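Here is a short report on one protein chain. Look at the overall fold before the details.

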Amino acid sequence: RVKKLPKDFIWGGATAAYQVEGATKVDGKGKTMWDDYLKAQGRFAPDPASDFYHLYPEDIRLSKKYGLNAIRVSIAWTRIFPKGYGEPVQAGVDYYHRLFKECLDNGIEPYVSLHHFDSPKTLFDDGDWLNRKNIDHFVDYAKFCFDEFPEVTHWFTINELISLAYSQYIQGNFPPSHKFDVTSAIQAEHNELLAHAKVVNLFKDGGYKGKIGLIHVLQPVYPYPNTPENQHAADLSDAFMNAFLLDGTFKGEYTDKTMKLINEILDANDAKLDIQDGDMDILKKASTRNDYFGLNYYQPSFFAAYDGESTNHFNGTGEKGTSSFKFKGVGQAVKNPNIPTTDWDWNIYPEGLYDILKRVSSEYPNSKEIFITENGLGLKEELPENVTDDTIINDDKRIDFVDQHMEAILKARSEGVNVNGYFIWSLQDQFSWANGYNKRYGLFFIDFATQKRYIKKSALWYKALADTMK
Ligand code: BGP
(Lines give C-alpha, C1' and ligand atoms only; values in the text may rest on other atoms or scores of the structure.)
Protein backbone atom coordinates (compact mmCIF):
# COMPACT_ATOMS: atom_id res chain seq x y z
CA ARG A 1 0.00 0.00 0.00
CA VAL A 2 1.36 3.39 -0.95
CA LYS A 3 1.06 5.96 1.77
CA LYS A 4 2.62 9.37 1.74
CA LEU A 5 2.91 11.73 4.64
CA PRO A 6 2.36 15.40 3.89
CA LYS A 7 5.49 17.55 3.83
CA ASP A 8 6.11 19.27 7.19
CA PHE A 9 4.11 16.61 9.01
CA ILE A 10 5.22 16.33 12.62
CA TRP A 11 6.40 12.77 13.02
CA GLY A 12 7.27 12.01 16.57
CA GLY A 13 7.51 9.72 19.55
CA ALA A 14 6.08 10.38 23.01
CA THR A 15 7.48 10.06 26.51
CA ALA A 16 6.53 11.26 29.99
CA ALA A 17 9.10 12.28 32.60
CA TYR A 18 8.17 9.81 35.32
CA GLN A 19 7.79 6.91 32.89
CA VAL A 20 11.22 7.28 31.31
CA GLU A 21 13.63 9.32 33.41
CA GLY A 22 14.22 7.06 36.39
CA ALA A 23 16.74 8.76 38.70
CA THR A 24 13.93 9.66 41.05
CA LYS A 25 16.18 10.26 44.03
CA VAL A 26 19.01 12.30 42.55
CA ASP A 27 19.89 15.97 42.23
CA GLY A 28 17.38 17.15 44.79
CA LYS A 29 14.28 15.81 43.08
CA GLY A 30 11.17 15.77 45.24
CA LYS A 31 8.69 12.91 45.51
CA THR A 32 5.67 12.73 43.25
CA MET A 33 2.31 11.26 44.20
CA TRP A 34 3.64 7.92 42.90
CA ASP A 35 6.85 7.20 44.86
CA ASP A 36 5.38 5.99 48.16
CA TYR A 37 2.31 4.55 46.47
CA LEU A 38 4.36 2.31 44.15
CA LYS A 39 6.60 1.30 47.03
CA ALA A 40 3.65 0.25 49.16
CA GLN A 41 2.09 -1.56 46.24
CA GLY A 42 5.34 -3.46 45.72
CA ARG A 43 4.71 -4.53 42.13
CA PHE A 44 7.22 -2.36 40.28
CA ALA A 45 9.38 0.70 40.83
CA PRO A 46 9.91 3.94 38.88
CA ASP A 47 13.67 3.31 38.87
CA PRO A 48 15.42 2.82 36.60
CA ALA A 49 12.57 3.12 34.07
CA SER A 50 14.31 3.86 30.74
CA ASP A 51 17.08 5.82 32.49
CA PHE A 52 16.31 8.71 30.16
CA TYR A 53 17.79 11.05 32.77
CA HIS A 54 21.19 9.76 31.70
CA LEU A 55 20.56 8.11 28.34
CA TYR A 56 18.55 10.84 26.59
CA PRO A 57 21.40 11.49 24.09
CA GLU A 58 21.13 7.87 22.98
CA ASP A 59 17.36 8.02 22.53
CA ILE A 60 17.58 11.31 20.64
CA ARG A 61 20.27 9.83 18.40
CA LEU A 62 17.96 6.91 17.63
CA SER A 63 15.02 9.26 17.07
CA LYS A 64 17.00 11.12 14.45
CA LYS A 65 18.27 7.94 12.85
CA TYR A 66 14.76 6.55 12.52
CA GLY A 67 13.29 9.62 10.87
CA LEU A 68 11.56 11.47 13.72
CA ASN A 69 11.43 15.25 13.67
CA ALA A 70 9.83 15.74 17.10
CA ILE A 71 9.46 14.15 20.51
CA ARG A 72 7.07 14.71 23.36
CA VAL A 73 8.68 15.07 26.77
CA SER A 74 7.37 16.38 30.04
CA ILE A 75 9.09 18.41 32.71
CA ALA A 76 9.02 16.79 36.13
CA TRP A 77 7.65 19.58 38.31
CA THR A 78 9.46 17.99 41.29
CA ARG A 79 12.91 18.21 39.66
CA ILE A 80 12.55 21.97 39.63
CA PHE A 81 10.37 22.56 42.70
CA PRO A 82 10.68 19.49 44.97
CA LYS A 83 7.59 20.53 46.93
CA GLY A 84 5.80 22.11 44.01
CA TYR A 85 6.71 25.65 45.08
CA GLY A 86 9.58 27.56 46.70
CA GLU A 87 13.12 27.90 45.40
CA PRO A 88 14.03 26.21 42.11
CA VAL A 89 16.67 23.48 42.10
CA GLN A 90 19.42 24.39 39.66
CA ALA A 91 20.35 20.79 38.82
CA GLY A 92 16.81 20.13 37.62
CA VAL A 93 16.71 23.30 35.57
CA ASP A 94 20.09 22.45 34.01
CA TYR A 95 18.93 18.96 33.09
CA TYR A 96 16.04 20.27 31.03
CA HIS A 97 18.24 22.86 29.30
CA ARG A 98 20.60 20.02 28.32
CA LEU A 99 17.73 17.84 27.14
CA PHE A 100 16.15 20.57 25.00
CA LYS A 101 19.51 21.51 23.52
CA GLU A 102 20.23 17.92 22.59
CA CYS A 103 16.85 17.73 20.84
CA LEU A 104 17.28 20.98 18.96
CA ASP A 105 20.89 20.26 17.96
CA ASN A 106 19.62 17.07 16.34
CA GLY A 107 16.68 18.58 14.49
CA ILE A 108 14.17 17.06 16.91
CA GLU A 109 11.54 19.57 18.05
CA PRO A 110 10.60 19.11 21.72
CA TYR A 111 6.86 19.29 22.51
CA VAL A 112 6.82 19.85 26.23
CA SER A 113 4.09 19.13 28.79
CA LEU A 114 4.16 20.77 32.18
CA HIS A 115 2.16 18.07 33.93
CA HIS A 116 1.97 14.41 33.01
CA PHE A 117 0.35 12.56 35.94
CA ASP A 118 3.16 13.50 38.35
CA SER A 119 1.85 15.97 40.93
CA PRO A 120 4.36 16.77 43.66
CA LYS A 121 3.64 14.65 46.74
CA THR A 122 3.41 17.70 48.99
CA LEU A 123 0.60 19.13 46.88
CA PHE A 124 -1.00 15.74 46.34
CA ASP A 125 -1.20 15.29 50.13
CA ASP A 126 -2.85 18.68 50.27
CA GLY A 127 -5.69 17.73 47.94
CA ASP A 128 -4.00 17.67 44.55
CA TRP A 129 -6.22 19.33 41.92
CA LEU A 130 -9.15 19.40 44.33
CA ASN A 131 -7.42 22.13 46.30
CA ARG A 132 -7.59 25.44 44.46
CA LYS A 133 -4.36 26.60 46.12
CA ASN A 134 -2.59 24.00 44.00
CA ILE A 135 -3.92 25.60 40.85
CA ASP A 136 -2.01 28.74 41.82
CA HIS A 137 1.14 26.72 42.48
CA PHE A 138 0.79 25.21 39.01
CA VAL A 139 0.44 28.65 37.44
CA ASP A 140 3.61 29.83 39.24
CA TYR A 141 5.51 26.75 38.08
CA ALA A 142 4.31 27.29 34.50
CA LYS A 143 5.43 30.92 34.57
CA PHE A 144 8.83 29.89 35.83
CA CYS A 145 9.17 27.43 32.92
CA PHE A 146 8.06 29.96 30.29
CA ASP A 147 10.63 32.45 31.57
CA GLU A 148 13.40 29.91 32.02
CA PHE A 149 13.04 27.84 28.82
CA PRO A 150 12.57 30.19 25.86
CA GLU A 151 14.13 27.50 23.67
CA VAL A 152 10.85 25.60 24.02
CA THR A 153 8.28 26.85 21.54
CA HIS A 154 5.69 24.06 21.74
CA TRP A 155 3.98 23.70 25.10
CA PHE A 156 1.19 21.61 26.52
CA THR A 157 -0.20 22.41 29.94
CA ILE A 158 -1.67 19.15 31.25
CA ASN A 159 -1.73 15.65 29.80
CA GLU A 160 -5.04 13.75 29.84
CA LEU A 161 -7.13 15.51 32.46
CA ILE A 162 -9.71 12.75 32.34
CA SER A 163 -7.24 9.92 32.90
CA LEU A 164 -6.14 11.56 36.10
CA ALA A 165 -9.64 12.29 37.35
CA TYR A 166 -11.02 8.95 36.27
CA SER A 167 -8.10 6.76 37.38
CA GLN A 168 -7.73 8.57 40.71
CA TYR A 169 -11.39 8.81 41.69
CA ILE A 170 -13.51 6.42 39.60
CA GLN A 171 -11.44 3.44 38.56
CA GLY A 172 -9.15 3.53 41.60
CA ASN A 173 -5.95 2.50 39.81
CA PHE A 174 -4.03 5.78 40.40
CA PRO A 175 -3.37 7.23 43.85
CA PRO A 176 -5.34 7.97 46.02
CA SER A 177 -7.34 5.00 44.64
CA HIS A 178 -10.88 6.12 45.29
CA LYS A 179 -13.60 4.17 43.55
CA PHE A 180 -16.66 5.88 42.11
CA ASP A 181 -16.02 9.08 44.06
CA VAL A 182 -18.01 11.07 41.52
CA THR A 183 -17.82 14.40 43.32
CA SER A 184 -14.01 14.35 43.36
CA ALA A 185 -13.77 13.16 39.76
CA ILE A 186 -15.97 15.85 38.26
CA GLN A 187 -14.42 18.52 40.47
CA ALA A 188 -10.93 17.44 39.42
CA GLU A 189 -11.98 17.71 35.76
CA HIS A 190 -13.26 21.24 36.32
CA ASN A 191 -10.29 22.37 38.42
CA GLU A 192 -7.77 21.01 35.94
CA LEU A 193 -9.55 22.86 33.15
CA LEU A 194 -9.28 25.98 35.25
CA ALA A 195 -5.57 25.40 35.82
CA HIS A 196 -5.06 24.92 32.10
CA ALA A 197 -7.06 28.04 31.22
CA LYS A 198 -5.18 30.19 33.73
CA VAL A 199 -1.86 29.08 32.28
CA VAL A 200 -2.97 29.72 28.69
CA ASN A 201 -4.15 33.19 29.68
CA LEU A 202 -0.84 33.87 31.42
CA PHE A 203 1.10 32.68 28.36
CA LYS A 204 -0.89 34.87 25.96
CA ASP A 205 -1.08 37.93 28.23
CA GLY A 206 2.65 37.59 28.87
CA GLY A 207 3.39 37.67 25.14
CA TYR A 208 5.58 34.57 25.28
CA LYS A 209 6.86 33.29 21.98
CA GLY A 210 5.69 29.91 20.81
CA LYS A 211 2.49 27.91 20.96
CA ILE A 212 0.45 26.34 23.70
CA GLY A 213 -2.39 23.87 24.08
CA LEU A 214 -3.43 20.89 26.17
CA ILE A 215 -3.86 17.17 25.70
CA HIS A 216 -7.07 15.20 26.02
CA VAL A 217 -7.38 11.48 25.51
CA LEU A 218 -10.65 10.95 23.67
CA GLN A 219 -12.55 7.74 23.95
CA PRO A 220 -15.61 7.66 21.69
CA VAL A 221 -18.44 5.70 23.28
CA TYR A 222 -20.68 3.54 21.11
CA PRO A 223 -23.87 1.81 22.23
CA TYR A 224 -23.75 -1.98 21.98
CA PRO A 225 -26.06 -3.38 20.92
CA ASN A 226 -27.54 -0.28 19.37
CA THR A 227 -30.78 0.38 21.28
CA PRO A 228 -32.17 3.70 22.59
CA GLU A 229 -31.37 2.72 26.23
CA ASN A 230 -27.82 1.81 25.34
CA GLN A 231 -27.45 5.00 23.31
CA HIS A 232 -28.40 6.98 26.40
CA ALA A 233 -25.81 5.11 28.47
CA ALA A 234 -23.22 5.89 25.79
CA ASP A 235 -24.23 9.57 25.83
CA LEU A 236 -23.84 9.71 29.61
CA SER A 237 -20.42 8.13 29.49
CA ASP A 238 -19.41 10.43 26.64
CA ALA A 239 -20.41 13.51 28.63
CA PHE A 240 -18.28 12.40 31.59
CA MET A 241 -15.25 11.27 29.54
CA ASN A 242 -15.20 13.65 26.57
CA ALA A 243 -17.83 16.36 26.16
CA PHE A 244 -17.42 18.06 29.56
CA LEU A 245 -13.70 18.55 28.93
CA LEU A 246 -13.99 19.49 25.26
CA ASP A 247 -16.74 22.02 26.06
CA GLY A 248 -14.73 23.53 28.89
CA THR A 249 -11.58 23.77 26.78
CA PHE A 250 -12.85 24.97 23.42
CA LYS A 251 -16.23 26.55 24.12
CA GLY A 252 -15.43 28.01 27.53
CA GLU A 253 -18.80 26.80 28.79
CA TYR A 254 -20.46 23.51 29.56
CA THR A 255 -23.31 23.31 27.07
CA ASP A 256 -26.87 22.62 28.24
CA LYS A 257 -26.78 19.28 26.49
CA THR A 258 -23.62 18.25 28.32
CA MET A 259 -24.80 19.58 31.71
CA LYS A 260 -28.11 17.75 31.45
CA LEU A 261 -26.22 14.48 31.12
CA ILE A 262 -23.64 15.39 33.79
CA ASN A 263 -26.39 16.39 36.22
CA GLU A 264 -28.13 13.07 35.66
CA ILE A 265 -24.90 11.30 36.67
CA LEU A 266 -24.36 13.59 39.68
CA ASP A 267 -27.94 13.07 40.90
CA ALA A 268 -27.72 9.29 40.62
CA ASN A 269 -24.53 9.35 42.71
CA ASP A 270 -25.42 12.07 45.25
CA ALA A 271 -22.52 14.03 43.87
CA LYS A 272 -22.02 17.71 43.26
CA LEU A 273 -19.89 20.08 41.23
CA ASP A 274 -18.70 23.40 42.62
CA ILE A 275 -18.27 26.12 40.01
CA GLN A 276 -17.24 29.40 41.61
CA ASP A 277 -17.83 32.97 40.48
CA GLY A 278 -15.43 33.92 37.77
CA ASP A 279 -14.43 30.34 36.83
CA MET A 280 -16.39 30.38 33.60
CA ASP A 281 -14.98 33.76 32.59
CA ILE A 282 -11.49 32.30 32.86
CA LEU A 283 -12.45 29.29 30.75
CA LYS A 284 -14.19 31.52 28.22
CA LYS A 285 -11.21 33.79 27.84
CA ALA A 286 -8.84 30.87 27.24
CA SER A 287 -11.17 28.95 24.94
CA THR A 288 -10.11 30.79 21.77
CA ARG A 289 -6.47 31.14 22.75
CA ASN A 290 -5.22 27.56 22.44
CA ASP A 291 -2.89 27.36 19.44
CA TYR A 292 -3.46 23.67 18.93
CA PHE A 293 -4.96 20.55 20.45
CA GLY A 294 -3.11 17.37 21.43
CA LEU A 295 -5.42 14.42 20.92
CA ASN A 296 -4.50 11.06 22.40
CA TYR A 297 -6.41 8.09 21.07
CA TYR A 298 -6.16 4.46 22.01
CA GLN A 299 -9.62 2.94 21.97
CA PRO A 300 -13.34 3.49 22.05
CA SER A 301 -15.64 1.89 24.56
CA PHE A 302 -18.90 0.05 23.98
CA PHE A 303 -21.64 0.78 26.45
CA ALA A 304 -24.95 -0.69 27.53
CA ALA A 305 -27.54 0.50 30.03
CA TYR A 306 -27.11 -0.70 33.62
CA ASP A 307 -29.14 0.02 36.72
CA GLY A 308 -27.21 -1.61 39.57
CA GLU A 309 -24.51 -0.37 41.94
CA SER A 310 -21.04 0.65 40.76
CA THR A 311 -18.35 -2.02 40.60
CA ASN A 312 -15.25 -2.59 38.50
CA HIS A 313 -12.13 -4.64 37.97
CA PHE A 314 -9.13 -2.99 36.35
CA ASN A 315 -6.98 -5.30 34.23
CA GLY A 316 -3.47 -4.12 35.07
CA THR A 317 -1.79 -7.46 34.49
CA GLY A 318 -2.62 -8.37 30.91
CA GLU A 319 -4.88 -11.30 31.78
CA LYS A 320 -7.21 -10.97 28.86
CA GLY A 321 -10.91 -10.84 29.60
CA THR A 322 -10.67 -9.85 33.27
CA SER A 323 -11.85 -6.22 33.00
CA SER A 324 -15.25 -5.14 34.12
CA PHE A 325 -16.78 -1.72 34.57
CA LYS A 326 -20.28 -0.88 35.78
CA PHE A 327 -21.02 2.71 36.73
CA LYS A 328 -24.23 3.49 38.61
CA GLY A 329 -26.31 6.10 36.82
CA VAL A 330 -24.20 5.81 33.67
CA GLY A 331 -23.97 2.30 32.23
CA GLN A 332 -21.68 -0.66 31.81
CA ALA A 333 -18.81 -1.36 29.45
CA VAL A 334 -19.55 -4.37 27.26
CA LYS A 335 -17.49 -6.44 24.90
CA ASN A 336 -18.34 -6.07 21.24
CA PRO A 337 -17.55 -9.51 19.81
CA ASN A 338 -16.76 -8.01 16.39
CA ILE A 339 -13.90 -5.90 17.73
CA PRO A 340 -10.46 -7.36 18.55
CA THR A 341 -8.95 -6.53 21.95
CA THR A 342 -5.46 -6.49 23.47
CA ASP A 343 -4.32 -8.55 26.47
CA TRP A 344 -5.33 -5.58 28.62
CA ASP A 345 -8.83 -5.64 27.08
CA TRP A 346 -8.35 -2.47 25.05
CA ASN A 347 -10.55 -2.36 21.94
CA ILE A 348 -8.71 -2.05 18.63
CA TYR A 349 -10.86 0.18 16.46
CA PRO A 350 -9.16 2.70 14.12
CA GLU A 351 -12.51 3.99 12.85
CA GLY A 352 -12.98 5.46 16.31
CA LEU A 353 -10.08 7.80 15.63
CA TYR A 354 -11.61 8.91 12.36
CA ASP A 355 -14.98 9.49 14.05
CA ILE A 356 -13.53 11.53 16.90
CA LEU A 357 -11.36 13.64 14.57
CA LYS A 358 -14.41 14.51 12.50
CA ARG A 359 -16.36 15.40 15.63
CA VAL A 360 -13.66 17.61 17.12
CA SER A 361 -13.17 19.44 13.88
CA SER A 362 -16.88 20.10 13.34
CA GLU A 363 -18.03 20.72 16.92
CA TYR A 364 -14.90 22.38 18.33
CA PRO A 365 -13.40 24.69 15.70
CA ASN A 366 -11.42 26.49 18.43
CA SER A 367 -9.21 23.41 18.55
CA LYS A 368 -7.63 24.93 15.40
CA GLU A 369 -4.80 22.53 14.67
CA ILE A 370 -4.72 18.92 15.87
CA PHE A 371 -1.77 16.70 16.70
CA ILE A 372 -2.22 13.07 17.59
CA THR A 373 -0.04 13.26 20.67
CA GLU A 374 -0.38 9.58 21.62
CA ASN A 375 -1.49 6.44 19.84
CA GLY A 376 0.06 3.01 19.97
CA LEU A 377 -0.21 -0.60 21.02
CA GLY A 378 0.90 -2.21 24.28
CA LEU A 379 2.34 -5.70 23.84
CA LYS A 380 4.17 -8.32 25.89
CA GLU A 381 7.53 -8.54 24.15
CA GLU A 382 10.75 -10.42 24.92
CA LEU A 383 14.28 -10.58 23.64
CA PRO A 384 14.97 -13.75 21.66
CA GLU A 385 17.43 -16.16 23.32
CA ASN A 386 20.09 -15.80 20.66
CA VAL A 387 19.97 -12.02 20.76
CA THR A 388 22.82 -10.02 19.25
CA ASP A 389 23.38 -6.28 18.96
CA ASP A 390 21.80 -6.35 15.52
CA THR A 391 18.68 -8.26 16.49
CA ILE A 392 15.52 -6.59 15.22
CA ILE A 393 12.52 -7.32 17.46
CA ASN A 394 9.53 -8.32 15.41
CA ASP A 395 6.42 -6.31 16.27
CA ASP A 396 4.23 -6.73 13.19
CA LYS A 397 1.11 -6.27 15.32
CA ARG A 398 2.22 -2.78 16.26
CA ILE A 399 3.01 -1.90 12.65
CA ASP A 400 -0.44 -3.04 11.63
CA PHE A 401 -2.03 -1.03 14.44
CA VAL A 402 -0.21 2.20 13.59
CA ASP A 403 -0.76 1.67 9.87
CA GLN A 404 -4.52 1.37 10.34
CA HIS A 405 -4.65 4.43 12.55
CA MET A 406 -2.58 6.42 10.03
CA GLU A 407 -5.14 5.47 7.38
CA ALA A 408 -7.85 6.93 9.61
CA ILE A 409 -5.86 10.13 10.09
CA LEU A 410 -5.08 10.56 6.40
CA LYS A 411 -8.72 9.94 5.53
CA ALA A 412 -9.83 12.61 8.03
CA ARG A 413 -7.19 14.97 6.61
CA SER A 414 -8.40 14.40 3.08
CA GLU A 415 -11.82 15.50 4.29
CA GLY A 416 -10.45 18.73 5.69
CA VAL A 417 -9.62 17.86 9.32
CA ASN A 418 -6.55 19.89 10.25
CA VAL A 419 -4.38 17.16 11.77
CA ASN A 420 -0.72 17.86 11.24
CA GLY A 421 1.27 15.44 13.31
CA TYR A 422 1.51 12.06 14.97
CA PHE A 423 3.44 10.99 18.05
CA ILE A 424 3.59 7.27 18.60
CA TRP A 425 3.18 6.13 22.18
CA SER A 426 5.84 5.41 22.88
CA LEU A 427 9.30 6.40 21.71
CA GLN A 428 11.11 3.72 23.66
CA ASP A 429 9.81 1.09 26.09
CA GLN A 430 8.86 2.67 29.41
CA PHE A 431 7.07 1.73 32.56
CA SER A 432 3.31 1.91 32.52
CA TRP A 433 1.69 3.55 35.56
CA ALA A 434 -0.77 0.84 36.44
CA ASN A 435 0.68 -2.06 34.45
CA GLY A 436 4.41 -1.97 35.09
CA TYR A 437 7.16 -3.09 32.76
CA ASN A 438 5.50 -5.91 30.85
CA LYS A 439 3.30 -3.63 28.76
CA ARG A 440 5.66 -2.35 26.10
CA TYR A 441 4.83 0.29 23.52
CA GLY A 442 8.19 1.49 22.20
CA LEU A 443 9.74 1.79 18.76
CA PHE A 444 12.93 0.90 20.64
CA PHE A 445 13.05 -2.13 22.91
CA ILE A 446 14.78 -1.68 26.25
CA ASP A 447 16.33 -4.48 28.21
CA PHE A 448 15.56 -2.88 31.56
CA ALA A 449 18.25 -4.90 33.37
CA THR A 450 21.08 -3.59 31.17
CA GLN A 451 19.37 -0.49 29.71
CA LYS A 452 20.52 -1.61 26.29
CA ARG A 453 18.36 -0.45 23.38
CA TYR A 454 17.35 -2.75 20.51
CA ILE A 455 15.51 -1.75 17.37
CA LYS A 456 12.01 -3.02 16.71
CA LYS A 457 10.71 -3.65 13.20
CA SER A 458 8.21 -0.82 13.77
CA ALA A 459 11.11 1.66 13.96
CA LEU A 460 12.24 0.63 10.48
CA TRP A 461 8.67 0.93 9.23
CA TYR A 462 8.34 4.33 10.92
CA LYS A 463 11.51 5.53 9.20
CA ALA A 464 10.26 4.33 5.80
CA LEU A 465 7.09 6.35 6.26
CA ALA A 466 9.07 9.40 7.39
CA ASP A 467 11.09 9.15 4.18
CA THR A 468 7.93 9.65 2.09
CA MET A 469 7.72 13.21 3.49
CA LYS A 470 10.88 14.37 1.81
C1 BGP B 1 -1.88 7.49 28.39
C2 BGP B 1 -0.82 8.21 29.15
C3 BGP B 1 0.54 7.64 29.03
C4 BGP B 1 0.60 6.14 28.83
C5 BGP B 1 -0.46 5.61 27.89
C6 BGP B 1 -0.59 4.12 27.83
O7 BGP B 1 -3.04 7.53 29.13
O8 BGP B 1 -0.77 9.57 28.81
O9 BGP B 1 1.28 8.12 30.11
O10 BGP B 1 0.91 5.41 29.91
O11 BGP B 1 -1.71 6.14 28.17
O12 BGP B 1 -1.35 3.67 28.90
P13 BGP B 1 -0.96 2.43 29.77
O14 BGP B 1 0.43 2.68 30.20
O15 BGP B 1 -1.93 2.39 30.89
O16 BGP B 1 -1.09 1.25 28.87
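The protein chain has 15 helices and 16 strands (DSSP runs numbered from the N terminus: helices are H or I with at least four residues, strands are E with at least two). Its radius of gyration is 21 Å, close to the 23 Å from the globule rule for 470 residues, so the chain is as compact as a globular protein of that length. That radius is taken over C-alpha atoms, and the rule is 2.2 Å times the number of residues to the power 0.38.

This is a predicted model: local features need pLDDT of at least 70, side-chain atom pairs count only at pLDDT 80 or more, and totals for chains, interfaces and linings use all residues. Residues are numbered from 1 along each chain as its sequence is written, and side-chain values use heavy atoms, without hydrogens and water.

| Property of the protein chain | Value |
|---|---|
| Box of the C-alpha atoms, along the principal axes | roughly 60 × 55 × 45 Å |
| Buried residues (under 20% relative accessible area, 1.4 Å probe, protein chains only) | 61% of the 470 residues |
| Contacts (heavy atoms within 4.5 Å) between residues at least 6 apart in sequence | 78% join residues at least 24 apart |

Now take helix α3. Helix α3 spans residues 52-65 and has a kink of about 30°, centred on Glu58. The bend is the angle between axes fitted to the seven residues ending at a residue and the seven starting there. Buried residues of α3 include Phe52, Tyr56 and Ile60. The buried residues of α3 pack against several elements, among them α5 (90-105) and β2 (70-74). Just after α3, Gly67 takes a positive phi of about 90°.

Definitions and conventions: Buried means under 20% relative accessible area, exposed over 50%, partly exposed in between (1.4 Å probe, protein chains only).
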